Amino acid sequence: MDDLSGSIVDGRFREQKFRLKQCGLSHAIYLIEDYGSTKHLSVSEDKLIQAITNTQVVDEFKIKRTENTKESVAYLTLLTRYLQGYYLKKTLYGSNEVVKAKPGEKIDHSLDSASEILCNFEDFNNSAAKSQVLTVREMFAKQLLHFPNMSGAKAFAVTEKWPTPASLYEAYNACPDKISQEQMLNNIKAGKNNRNIGPVLSRKIQQFYCPDDR
């Protein structure tokens, strides 16, 4: 838990979730080790719980909490053995389309049940690397993630339609009035469940990127 607290303070928490969203994993797991007391951490326990809840509900990650390092190692061992057994008799194919796919999108190449397509390790490693040079769209997505209740899937949906802040600003300027601007992102679908971005987040984004009154 102390590592989670530190990652929230120094910004690694958002960075980690952003890279997990970019790396092509369809079932990302965020492992949290509840080691020691939360009384002397730099982030309050309420804020930690809220961050964990947001990661599960908003970002749609699976949360796994363990009590100590020993339990974490045991969990990772079991998970590794499960994956080995699951893929043991399957024919695996590598494709860079997995990394490029939208969140929740399945790559269909009409394979039988004994075959499966996974991302190449090189593509996975490159997309998850810290030091990669970000495109304007990727930097824009990272910027959007600072809005409360903005998930990686929602940021992806916005930047897919408007890949730069300039293109979003131009779209706002094309709206006939301020109400239309505020509602422009309402019905943008995001995530596996195709949820709307919604009016509250849509209004906050409009107020930040196009604050001038009409």
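**Salt bridges and cores in a predicted protein model**

The model is predicted, so local features need pLDDT of at least 70 and side-chain atom pairs count only at pLDDT 80 or more, while totals for chains, interfaces and linings use all residues. Residues are numbered from 1 along each chain as its sequence is written, and side-chain values use heavy atoms, with hydrogens and water left out.

Asp34 has a partner. Arg65 forms a salt bridge with Asp34, and their closest N and O atoms are 3.1 Å apart. Because Arg65 lies in strand E2 and Asp34 in the loop between strand E1 (29-33) and H3, the pair ties together parts that are 31 residues apart in sequence. Arg65, too, is partly exposed, at 39% relative accessible area. A salt bridge here is a side-chain nitrogen of Lys or Arg within 4 Å of a carboxyl oxygen of Asp or Glu. Helices and strands are DSSP runs numbered from the N terminus: helices are H or I with at least four residues, strands are E with at least two.

How many salt bridges does this rule give? The count comes to three. In another of these, the side chains of Lys17 and Asp59 meet at 2.7 Å, N to O.

Glu116 is in strand E4 (residues 115-118), and Lys90 is in the loop between H4 and strand E3 (91-94), 26 residues apart.

Let me turn to the protein as a whole. It contains eleven helices and six strands, and 33% of its 214 residues count as buried.

Which residues have the most contacts inside the largest nonpolar core? They are Leu144, Leu168 and Ile205, in a core of 24 residues. Helices H7 (136-144), H8 (152-161), H9 (165-173) and H11 (199-209) each supply at least two residues of this core. A second, separate core has 13 residues, including Leu4, Tyr30, Val43 and Leu48. A nonpolar core is a set of buried Ala, Val, Leu, Ile, Met, Phe, Trp, Tyr and Cys residues joined through side-chain atoms within 4.5 Å.

Beyond its neighbours within four places in sequence, Ile205 is in contact (heavy atoms within 4.5 Å) with residues including Leu144, Phe147, Met150 and Leu168.

Finally, consider Asn186, in the loop between helix H10 (178-183) and strand E5 (189-190). Asn186 counts as buried, at 16% relative accessibility. Its side chain is joined to that of Ser202 by a polar contact of 3.3 Å. A polar contact is a pair of N or O atoms within 3.5 Å; within protein, one must be able to donate a hydrogen and the other to accept it, and residues adjacent in sequence count only if both atoms are side-chain atoms.

Thank you.

Note on methods. Buried < 20%, exposed > 50% of the residue type's maximum accessible area, 1.4 Å probe, protein only.
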